[in-house]
Amino acid sequence: QFGKHEIVWKGEAMRGVMAQLERVAASEARVCIFGETGTGKELVARTIHERSPRATGPFVTLNCAAVPAELIESELFGHEKGSFTGASGRHVGKFEQAHQGTILLDEIGDMPLNMQAKLLRVLEEGEVERIGGDKPVAVNVRVVVATHRDLEARVREEKFRQDLFHRIHVFPLQLPPLRERRDDIPALLEHFAAQVSAQNGWKPVPFSTDALQALQSHTWPGNVRELRNLVERLMLLATEGQVDLATVQMALPKAASGASASPGALGSGALADRVQSFEREVILSELKRSHQNMSLAAKTLGLERSHLYKKAE
């Protein structure tokens with residue numbers, strides 16, 4: 001646990017990351033965090049800040065992909081009253097807000113090229129100039145950047161400035177996707193289940209062994225963020241005081257469930273036989289989840305009760 005924020009890990013995949021994090025946090029080095037969407041890049045950046053000498057200063061973030069190109073300069077550097085249409089007052093930019101602290105430029109790989117040149121000047125000079133301002137403002141800020149993109153490839157494609165790349169790529173930190181840290185899944189499930197239960201005033205619900213195995217075998221395209229959201233869904237769907245395999249199968253995205261199924265699990269032979277076999281497994285799973293309540297199972301499956309009875313014969 002780092003201040004208010006927690007990085008939950010247990011396996012070897014994160015051990016190296018945490019060792020590097022501890023080493024770089026105490027320095028003033030610029031950090032470039034790489035990782036797929038949902039791997040926890042902002043959480044790692046916050047942790048670096050909270051473990052640094054700047055911990056008492058502000059931590060400010062800007063998602064470069066979320067701000068329109070025409071507004072990003074104002075967001076970063078600020079503007080003076082009347083500097084452009086709609087500028088009804090002075091706006092202090094993110095760099096000034098982060099003075100004596102840390103700024104995270106998230107998804108920096110999506111920053112427009114013209115803005116990259118202006119950012120490079122700030123990194124070189126240590127000062128910003130508000131839009132419409134007549135003098136620069138000195139800022140003392142540690143810069144941490146994050147991206148899901150391959151910045152070296154962006155440089156080769158001339159979509160990212162090489163000189164800026166070398167300015168920010170001082171200490172690269174690569175976060176592994178969740179599918180490469182499956183040993184951490186039980187600990188993450190326990191952590192998020194306790195978190196969700198506390199937020200809602202619920203009693204924590206355990207996971208059955210087969211449910212846990214199913215969750216560890218999932219591909220997790222959305223990484224830890226997907227896992228956190230799925231845990232909340234599972235807490236709502238859980239029956240009889242635990243999350244079982246049927247609940248997990250119902251909660252996982254259907255495309256993912258189908259993609260992970262082996263050909264043998266769908267039967268063999270003609271297409272009609274395979275479809276019938278799959279349909280049977282779905283009905284049996286839903287009946288188990290609803291404790292053989294035909295009306296509830298029919299409603300969940302979108303069938304008339306008489307139709308379900310016929311299929312169950």
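H91 sits in strand 4, which covers residues 91-92; helices (H or I, at least four residues) and strands (E, at least two) are DSSP runs, numbered from the N terminus. H91 has a relative accessible area of 23%, so it is partly exposed. On this scale, buried means under 20% relative accessible area, exposed means over 50%, and partly exposed lies in between, with a 1.4 Å probe and protein chains only. Leaving out neighbours within four places in sequence, H91 is in contact with S74, E75, G78, H79 and R130, where contact means heavy atoms within 4.5 Å.

Residues are numbered from 1 along each chain as its sequence is written, and side-chain values use heavy atoms, with hydrogens and water left out.

**The chain as a whole**

The protein chain has 313 residues, and buried residues make up 41% of them. Its secondary structure comes to 15 helices and nine strands. Of the contacts between residues at least 6 apart in sequence, 71% join residues at least 24 apart.

How confident is the predictor? The mean pLDDT of the protein chain is 86, and 86% of its residues reach 70 or more; pLDDT is the predictor's confidence in each residue, from 0 to 100. Over residues 256-266, pLDDT stays under 50, and the model has six contacts beyond four places in sequence for this stretch. Where pLDDT is low, the predicted coordinates should not be read in detail.

**Residues in loops**

For Q100 the value is about 70°, and for E158 it is about 60°. Q100 belongs to the loop between helix 4 (94-97) and strand 5 (102-106), and its relative accessibility of 43% makes it partly exposed. E158 lies in the loop between helix 6 (151-156) and helix 7 (162-168), and with a relative accessible area of 65% it is exposed.

A65 is in the loop between strand 2 (59-63) and helix 3 (72-77). Its relative accessibility is 47%, so A65 counts as partly exposed. Beyond four places in sequence, A65 is in contact with D106, E107 and D110. P112 is 47 residues from A65 in sequence, with 9.2 Å between their C-alpha atoms.

| Helix pair | Angle | Axis distance |
|---|---|---|
| Helix 8 (residues 185-200) and helix 9 (residues 209-217) | roughly 110° | within 10 Å |
| Helix 8 and helix 10 (residues 223-237) | about 55° | 9 Å |

The angle with helix 9 makes helix 8 roughly perpendicular to helix 9, whereas helix 8 is oblique to helix 10. Axes are lines fitted to C-alpha atoms, for helices over the stretch in contact, and angles run from 0 to 180 degrees between N-to-C directions. Angles under 35 degrees count as roughly parallel, over 145 as roughly antiparallel, 65 to 115 as roughly perpendicular and the rest as oblique.

Helix 8 passes helix 9 in a right-handed crossing, and the crossing of helix 8 and helix 10 is right-handed. A crossing is right-handed if the near helix is turned clockwise from the far one by less than a right angle, and left-handed if anticlockwise.

Which residues meet where helix 8 passes helix 10? From helix 8 come L188, L189, F192, A193, Q195, V196, S197, Q199 and N200, and from helix 10 V224, L227, R228, V231, E232 and M235. By class, this contact has nine nonpolar, four polar and two charged residues. Here Ala, Val, Leu, Ile, Met, Phe, Trp, Tyr, Cys and Pro count as nonpolar, Asp, Glu, Lys and Arg as charged, and the others, Gly among them, as polar.

V224 of helix 10 has 16% relative accessibility and so counts as buried. Apart from residues up to four places away in sequence, V224 touches G38, L178, R181, L188 and F192. V224 and T39 are 185 residues apart in sequence, yet their C-alpha atoms are 5.6 Å apart.

Conventions. This is a predicted model: local features need pLDDT of at least 70, side-chain atom pairs count only at pLDDT 80 or more; totals for chains, interfaces and linings use all residues.
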